[in-house]
Amino acid sequence: MKSILILLLGVCFVQARKTYDGYKVLSVTPSTPGQVEFLRRLMVSDVNVDFWKEPTNIGQQVDIMIGPDHLSELRSKLTSADLVTSVFIDNVREHIETPTGRNTVDQHIFNINDFNTLDDIYTWLQAQTGNCAAGVSCQLYSVGNSYEGRPIYVFSLSRSGTGRKAYWVDATIHAREWIAPATLLQVLNHFITQGDAQVTDLLNRYDWYFLPVMNPDGYEFTWTNDRLWRKNRRQNTDAGSICFGTDLNRNFDFRWGHDGVSFEPCSETYCGPSGGSEPETQVVSAELVRLGPTLAASVTLHSYGYMWMFPWGNTVNYNGIQCDLAADHDELMRVADLTANAIENTYNSRWDRGNSCVVIYATTGGTDDYAKGVAGVKYAFCPELRGNSFIIDNSNIVPSFNEIFNGIVAMVNAINA
């Protein structure tokens, strides 16, 4: 009887949805290099804090989520560094419940202009293979399975011909960034329906590969258990921990385990026990390498921050001081400038652009660095989409599509200028 009770309690615990009642998001703005460095150390060392907007540079706002049990401790730490705090979000639970748009699993109708569950996304993808225009070959295929056994689907569009170059777009390596898959699906739908002359031209000249949900276990978990879950869902028993999840964007096996990572399994930036340890990064890595010789560029969508970035993510010799610029940095910057300018012109917004270590902060084990460093993709980009929170109204989906599609058109034109 006792063992049955323990089992039932365990099941209830696993199925309970995290509410974030009493959680807050604090904002600070560092004014000195020492304060920026303090925040970066805090981000990878304190498992109780969750950086929504990471420390980038002096004068740039940093957003930190903290639970009620650790609020006073965090405020004390920030005060000790002479950082002045303000409350950006007073109650995260209310923030999660406020935006318009679908946020529960009790609806099973796919809506291209809303957020959609994993099952509904996969059902829609399967239905689209027969909807492509004459002369366009559409294929939905799995590159492999996630830790929990879910397929990781890629949707490809191609035309016949030899020597055709291709472009790759992926999203949702971080599960809670719902605007990323919603934006990608809008772009994919535009390609399938050939919504205008620009997209028809892109299809006539190149093949396209779209991976909407790189982290399906984590994304599913954001719908059923924890809206703000970031990592994958493998329990870190090999590290002697009861905590779940590896940050897949720290796990790719290229320059792994150096800048901007944590080796604490409970951390949001835990890089895993080894480079490429996770099934999701393994199968995506293999597909990038397989396609690498044909890929003109790759784009991996994140949120949030209004940024268009490129490799390398690390510092020189991982010294934490000087960012390591790619040998073709100037060429990458030329394309990034033209791309970001096109995005800005869509709604008169402001997008930062450049080397990711310079623009945001030093990291290793990311998708874009792997695509360039191992798969040989010359133009590997990592944009941070619109918004000032992971919780975002569905009214932003179409504007985000317009921005990113305009950026893709400009990127392709710049690469082939």
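**Close-ups of a predicted model**

**View 1. Helix α7 against helix α13.** Helix α7 (residues 197-205) packs on helix α13 (residues 397-415) at an angle of about 45°, and their axes sit 11 Å apart. That makes α7 oblique to α13; angles under 35 degrees would count as roughly parallel, over 145 as roughly antiparallel and 65 to 115 as roughly perpendicular, with the rest oblique. The axes are lines fitted to C-alpha atoms, for helices over the stretch in contact, and angles run from 0 to 180 degrees between N-to-C directions. On the α7 side, Q198, V199, L202 and R205 meet F405, V409, V412 and N413 of α13, where contact means heavy atoms within 4.5 Å. Sorted by type, the residues of this contact come out as five nonpolar, two polar and one charged (Ala, Val, Leu, Ile, Met, Phe, Trp, Tyr, Cys and Pro count as nonpolar, Asp, Glu, Lys and Arg as charged, and the others, Gly among them, as polar).

A note on the model: this is a prediction, in which local features need pLDDT of at least 70 and side-chain atom pairs count only at pLDDT 80 or more, while totals for chains, interfaces and linings use all residues. Residues are numbered from 1 along each chain as its sequence is written, and side-chain values use heavy atoms, with hydrogens and water left out.

**View 2. Strand β9 and its two parallel partners.** Nine of the nine residues of strand β9 (residues 295-303) are buried, so β9 is largely enclosed by the rest of the structure. Buried here is under 20% relative accessible area, exposed over 50%, and partly exposed in between (1.4 Å probe, protein chains only). Strand β7 (residues 166-171) runs parallel to β9, joined by six bridges, with W168 opposite S298. Strand β12 (residues 379-385) is also parallel to β9, through five bridges; there V299 has F381 as its bridge partner. Helices (H or I, at least four residues) and strands (E, at least two) are DSSP runs, numbered from the N terminus.

**View 3. The open sheet β2-β3-β1-β4.** Four strands line up in this order with antiparallel pairing, two strands counting as paired if DSSP finds at least two bridges between them. β2 (49-53) and β4 (86-89) are at the edges with a single partner strand each, so one side of each has no neighbour in the sheet. Strand-to-strand twist averages 35°.

**View 4. Helices on that sheet.** Helix α2 (residues 33-45) lies across β1, β2 and β3 (62-66), running at about 125° to β2. Helix α3 (residues 71-80) packs on the sheet too, touching β1, β2, β3 and β4, and its direction makes about 5° with that of β1.
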